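User: Hi! I'm new to reading protein structures. Could we go through this one together?

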Amino acid sequence: MEKGNAMSETVVKINNLVKRYKELIALDNFSLEIKEGEVFGLLGPNGSGKTTTINCLLSLLTYDKGEVELFGEKMSPSRRDLKRRIGVVCQNVAVFDELTVYENIDYFCGLYIKDKKTRKQYVEDAIAFVDLNDFRKFYPKKLSGGLLRRLNIACGIAHKPDLIILDEPTVAVDPQSRNKILEGVVELNQKGATIIYTSHYMEEVEQICSRILIMDKGKEIASGTSEELKSKIKNTENVIVDVRRLPEEHMDGVKKLNHVYDVQYMGDKLTIKCDGGKHNITHVIEYFSDNNINYDRIYSELPTLNDVFLEITGKELRDKE
Amino acid sequence: MHVYKAFFKVMTKYKLSIIIYTTIVIFMLFSLINAYSASEEEDVAEKKYTLLIVDNDNSELSKELVKFLGTKHYLEDGSYTDEQIKDMLYYQYISEYIVIPEGFGEKYEKASENSEASSLLQATYDEALPKGIFINMQIDQYLNAVKDYMNSGYTLEEASAKCTDAMDSSKYVSMQKKETVATQRVYTSFQFLPFGILTIIFSGVLPVIMCFNDAERKNRTIISSYKMTKRNFELILGSASLALVVTSLLVGLASASQNSEYIFTTSWWLSVTNSFVYTLSVTMLLSMITSLPLGINTEGSANTSTFITCIIGLSFSFLGGTFVDITILGDKVAKIGQFTPNYWYSVASRKIWYEGGNLSDVAESFGMQLLFGLVCLSIGLCFTRFFGEKKA
Amino acid sequence: MFGRICIAELKRLVRSKKYMFWTFAFPIMLGTLFYFAFSTIYSSQKSETIPVVIEVTDNAINEYKVLQAFSNLDTDQMSNDLEQYYEDKAVAEAMGESFDKEIPISDETMDKIEDVQSYDDMKKYDLADFPYDYLKVDRSEIDNISKDDLPFIKVLNDLTYDDGNKMVEEVEGITHEEAEKMLSDGDIAGIITVDSMQDIYLLVNGNGVKHSILSTIISEYKLEAGKAIDTINDDHENLERSSEIMDESTESIEYIEAKSTAGDNKDPFIAYFYNLIAMIAIMGSTASLNVIVMSQANQSDVGIRVDMSPSIKIIHELAQLLAVVILQSIILIFTLTYLIFILGINFGGNITFIYLTTLLAGLVGDTLGFMIAHFGKIAIDKKEAFLMAIFLGGGFMSGLMYGDMKIIVEQKAPWFNRINPSAVITDAFYALNVFGVGPRYYRALMYILITSGVMLLIGCILSRRSSYKSL
């Protein structure tokens with residue numbers, strides 16, 4: 001999939017945002033900047049402040065300090081002109097149970113678009129975009145989880161906004177629907193929208209985002225493109241070997257190989273972290289062969305954003321599954 | 001007793017609602033008790049009504065008439081506008097508004113049956129109701145008798161005294177059970193309790209039961225090793241515990257505001273027992289309601305539980321004589337009301353406070369309340385058995 | 001946009017089956033219940049015949065027999081016959097002839113009759129010694145005197161209300177024990193014991209209006225009987241007219257000029273139906289509460305969408321409120337039509353204004369919910385509990401449960417009746433019934449509009465806040 005195009009003006013600018021919930025500091029002098037045309041990923045574990053950032057950005061939440069600008073102008077609750085250019089897909093499905101699919105999309109689009117003809121076209125486009133044409137007369141209760149998420153998206157983007165914020169849109173969604181959603185996001189970006197995508201699924205963020213900001217405890221941990229983030233850490237490659245009952249001396253032996261700086265053995269899986277170098281997997285194969293160690297499988301992985309997060313913070317980006 | 005403990009933990013989330021309902025009920029109870037501020041121990045057969053008399057004559061005769069009426073009825077003080085008087089008459093706060101015009105005393109002496117001087121007093125009252133007729137009968141009787149006595153040579157004062165004496169009903173009217181002195185206050189305060197008990201229990205328990213009966217939470221219990229019957233029993237026990245606390249509180253408050261001579265008497269103990277029997281009956285009714293498919297066992301159905309609380313609370317109270325005494329309600333209503341535990345509560349309460357009833361007199365009423373509860377419990381259990389489990 | 005939001009909201013409300021069912025069922029159920037409970041009380045109180053058991057002692061019957069006997073005694077004939085007897089005897093004696101004629105009346109009997117100088121003397125007379133031959137009527141008329149011939153019983157049987165209904169009805173064929181039981185159970189109002197013309201006693205088991213009326217009837221009769229006895233005792237020649245005097249009613253003057261109370265429908269129990277309409281109107285506040293809460297970002301996810309949109313929040317909310325007002329108005333009209341045309345309840349007053357008042361009543365409830373919905377970030381169930389408190393407490397204070405409450409509040413704290421939504425509504429209906437369309441009614445309508453306006457304004461002011469400290 002293609003990532004975001006070259007950017008020009010700043011669409012979103014947050015400067016030193018501070019938000020407290022009594023004694024808890026949800027955002028601690030947080031700053032970010034998003035350019036037009038970007039697919040910006042906001043990544044962080046549960047409770048890191050992603051949703052709080054979005055809500056402050058949209059002026060739904062008051063904040064204690066800092067500035068928020070959208071499209072070069074100061075954002076406030078009364079800036080309806082700015083709100084007209086924003087579309088949000090909430091984490092929770094926010095639709096009316098008593099209205100059909102069509103009626104829901106029409107309703108929410110109608111909050112932005114007054115002209116009946118234009119709105120009708122937009123609604124049709126939205127239904128087509130999320131592929132809910134066969135379900136337009138269905139009530140939300142009759143839809144599956146994935147279809148419901150698509151409806152949720154349609155309600156958020158029907159009015160063709162310039163800035164679209166998707167707050168964890170693929171939670172509890174089947175893989176097929178998830179792919180569809182991700183494809184849709186890219187399509188929206190290609191049509192000209194700037195996207196802010198928050199998630200704690202690093203694979204999705206890596207897949208579609210042109211730029212990523214990792215946050216934790218209300219602070220920026222790291223930001224940049226996926227490659228830039230990975231280049232910031234020592235780890236350049238992970239070699240994984242499925243081996244049973246590996247003696248301790250071989251752990252040390254593997255560690256002594258070139259460019260290996262860390263070895264972990266857990267659950268019959270040996271993970272060898274390498275910093276730089278080429279053909280690391282070959283060296284490991286040679287070692288196992290030389291020492292007559294039997295193994296089931298060996299493969300190499302590039303480091304993930306989880307590795308980036310782990311290295312910087314010392315903890316996992318997402319709770320182990 | 002795991003579910004039993006959880007019941008109370010969940011209930012703390014709704015404590016504000018319970019507090020609000022309890023506060024309102026207590027407020028209503030005390031307003032009611034204070035409305036009957038004087039102890040009206042009437043053991044004479046003549047009913048006393050409230051009259052508003054305006055004496056524009058101020059003669060000896062008019063004063064004697066007012067004095068006589070003061071011995072028979074309550075006289076309202078104060079000056080009121082026409083509008084206020086109409087309001088008071090309409091709501092029967094006063095039964096009659098009497099104006100004694102100027103010159104009444106002079107015209108009275110000349111009045112005869114066919115003379116124009118009769119119809120001296122202006123009385124405004126509801127002509128359709130017998131109490132106005134009764135009061136007018138008394139006034140005419142008094143004035144005619146005073147005239148006859150005066151014609152026989154007595155002075156006005158003597159004639160008035162003789163009339164008052166002759167019209168003293170205590171000399172020829174007796175009550176069937178003289179030893180029972182029921183006061184309006186204590187009777188009314190206990191009469192109100194069923195409404196308070198039912199409203200608070202329903203408002204406190206229904207949301208908690210809704211919470212436990214949420215489909216997904218209930219399913220967790222069903223697939224666990226915890227028996228559903230044990231779970232249901234503990235929920236009922238939780239409801240009953242709350243009911244017990246609520247009833248104790250209301251009984252305590254109702255009793256605390258009375259004269260101490262009524263407390264710990266046989267009548268008081270019977271009334272307290274009556275209240276607890278009613279509470280038990282209502283708890284069983286509640287268990288039936290939570291078992292029926294009324295749409296209250298789903299999240300977001302707070303409105304439904306509100307409607308149910310109001311409908312049942314108000315209808316049982318009206319039909320059962322909680323608000324309007326059962327002696328006033330017609331036979332038709334009494335027949336329908338017999339299907340409510342409130343009716344039997346009211347019957348027992350009346351027997352206790354007005355007829356000096358003992359346990360054997362009110363046992364039937366207690367039994368009927370419990371029977372109602374058992375029937376509701378059985379229906380609820382049947383529904384749960386045949387429909388509830390399948391749906392889960 | 002206003003219209004669209006309003007229509008969308010109407011669709012939502014109408015499609016909610018649970019909401020529609022309870023919103024329509026609740027008023028119908030309560031209205032029907034009230035109809036059964038209250039519609040007949042007033043009419044049954046009017047001209048209610050009072051059931052009693054009357055026990056007449058032998059003493060009373062005997063006394064009346066004596067009264068009748070003396071009243072029908074031909075004393076002239078008796079005197080003439082005696083005079084003739086003594087003349088004949090004197091002649092016979094003078095002529096030395098035997099005189100076998102029987103004395104018409106023995107000296108003893110005569111003495112006894114002459115001893116009767118007053119009513120009390122008459123009461124004690126033993127009819128065994130009475131000279132029945134000198135009765136003006138047939139002896140059987142005296143011997144057959146029964147309970148129903150007594151003046152008091154006749155008076156009781158003749159008493160009627162203005163509409164012709166009998167005031168008192170005797171329950172016959174009952175033993176004393178059965179009568180006591182019936183009295184205890186409330187099946188009769190009293191047991192009247194007639195021991196003599198003046199000795200009449202009443203046993204009751206309560207002090208309601210029925211008992212009071214019985215007491216007054218007896219009191220009146222005793223006074224009249226006392227006067228008659230005094231007349232008889234004034235002149236012993238009146239003894240011969242005793243019966244006539246007893247049956248006479250003395251001149252009785254009615255001193256009261258009756259004026260009717262105001263009101264198209266005087267039945268005070270109609271106030272319960274006013275309170276029913278007020279209750280349904282106030283219950284509408286839960287609908288407006290729920291609808292508005294849906295648009296609040298800190299209460300629902302849909303609210304987040306709405307809050308983020310460029311639509312003017314207050315316009316959005318007013319459109320939703322209008323939808324609730326429309327639906328609630330339909331419900332109220334439906335309920336009112338059911339009450340008036342199906343159950344036949346007479347609300348009193350011009351029917352057009354009754355409908356108008358009802359519609360305005362709905363406004364009070366809807367704006368109340370609108371206002372409460374904007375009270376901070378309190379959870380919706382607590383707001384609903386607060387509404388219930390207003391509904392129950394306000395209803396109680398306006399006489400929903402105890403009819404006297406409203407007037408007591410009016411006396412002790414009249415300001416409360418001006419701010420209590422239930423009281424404001426019921427007062428409008430009451431004013432229409434009792435005072436008709438006039439200043440009092442318009443004033444009541446004004447209170448309704450002011451109350452609604454103030455609540456709407458408060459809601460609008462509180463709605464302006466768009467950001468939250470937390471969601």
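Predicted model: local features only at pLDDT ≥ 70, side-chain atom pairs only at ≥ 80, totals over all residues.

User: Which class of residue leads where α1(C) meets α15(C), and how many residues does each class have?
Analyst: On the α1(C) side you'll find Phe2(C), Ile5(C), Cys6(C), Glu9(C), Leu10(C) and Leu13(C). Their partners in α15(C) include Ile315(C), His316(C), Ala319(C) and Gln320(C). Sort the whole contact by class and you get one charged residue, two polar ones and eleven nonpolar.

User: Over in chain A, which strands sit at the edges of the open sheet?
Analyst: Four strands make up this sheet, in the order β2-β1-β4-β5, and the pairing is antiparallel. An edge strand pairs on one side only, which here picks out β2 (24-35) and β5 (73-74) of chain A.

User: How many bridges join β1(A) to β2(A), and which residue is the bridge partner of Ile14(A)?
Analyst: Strand β1(A) covers residues 10-21 and runs antiparallel to β2(A), with eight bridges joining the pair. Look across from Ile14(A) into β2(A), and its bridge partner is Leu32(A).

User: What share of the residues of chain B count as buried?
Analyst: Chain B has 15 helices and five strands. To count as buried, a residue needs 20 or more other C-beta atoms within 10 Å of its own. Of the 392 residues of chain B, the share that passes is 46%.

User: Which element gives the largest share of the side of chain A that touches chain C?
Analyst: In this interface, 27 residues of chain A are in contact with 24 residues of chain C. The elements α2 (80-83), β6 (86-89) and α3 (101-110) of chain A each supply at least two residues of that side of chain A. By class, this side has 16 nonpolar, five polar and six charged residues. The largest share, four residues, comes from α3(A).

Conventions
Residues numbered from 1 in each chain as written. Chains lettered and ligands numbered in written order. Contact = placed C-beta atoms within 7 Å. Nonpolar A, V, L, I, M, F, W, Y, C, P; charged D, E, K, R; others polar. Pairing = 2+ DSSP bridges. Buried ≥ 20, exposed ≤ 12 C-beta atoms within 10 Å, placed from the backbone.
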